[in-house]
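Look over the sequence and the coordinates before you start.

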Amino acid sequence: MIHAEIDPRRCCGYRLCADAAPEIFVINSAGKAESLVGDIPLALEGVARAAAQECPSGAISIRAAEPPK
């Protein structure tokens, strides 16, 4: 599984991530993107990566999820 991290200082609220992957990203009341899920299921990995690439401000980074402790 993977995890999406959003840097709120870089997010400009363009909504491209939420439009590309509404099952993963949403724009909050502050106008910033946030993730709706913690760990992104394998079936949505491609969508998450595509949404991160769509971000013009580069606010979204995708990384491997940490294994459960």
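Q: Which residue forms a salt bridge with aspartate 19?
A: The model is predicted. Aspartate 19 is exposed, at 52% relative accessibility. The closest N and O atoms of its salt bridge are 4.0 Å apart. The partner is arginine 15.

Q: Where is arginine 15 placed?
A: Phi of arginine 15 is near 75°, a positive value in a residue other than glycine. The residue lies between strand E1 (2–6) and helix H1 (16–20). The element that holds arginine 15 is a loop.

Q: Is arginine 15 buried, partly exposed or exposed?
A: Its relative accessible area is 41%. Buried means under 20% and exposed means over 50%. Arginine 15 is therefore partly exposed.

Q: Which residue forms a salt bridge with arginine 63?
A: The structure holds four salt bridges. In this one the closest N and O atoms are 2.4 Å apart. The pair links strand E5 to strand E1, 58 residues apart. Arginine 63 is partly exposed at 30%, and its partner is glutamate 5.

Q: How far apart are the closest N and O atoms of arginine 9 and aspartate 7?
A: Arginine 9 is exposed, at 74% relative accessibility. Arginine 9 forms a salt bridge with aspartate 7. The distance is 3.2 Å.

Q: Is serine 57 buried or exposed?
A: Serine 57 sits in the loop between helix H2 (45–54) and strand E5 (60–64). Serine 57 touches Arg10, Cys11 and Cys12, not counting residues up to four places away in sequence. Relative accessibility is 16%, so serine 57 counts as buried.

Key: Residues are numbered from 1 along each chain as its sequence is written. This is a predicted model: local features need pLDDT of at least 70, side-chain atom pairs count only at pLDDT 80 or more; totals for chains, interfaces and linings use all residues. Side-chain values use heavy atoms; hydrogens and water are left out. Helices (H or I, at least four residues) and strands (E, at least two) are DSSP runs, numbered from the N terminus. Buried means under 20% relative accessible area, exposed over 50%, partly exposed in between (1.4 Å probe, protein chains only). Contact means heavy atoms within 4.5 Å. A salt bridge is a side-chain nitrogen of Lys or Arg within 4 Å of a carboxyl oxygen of Asp or Glu.
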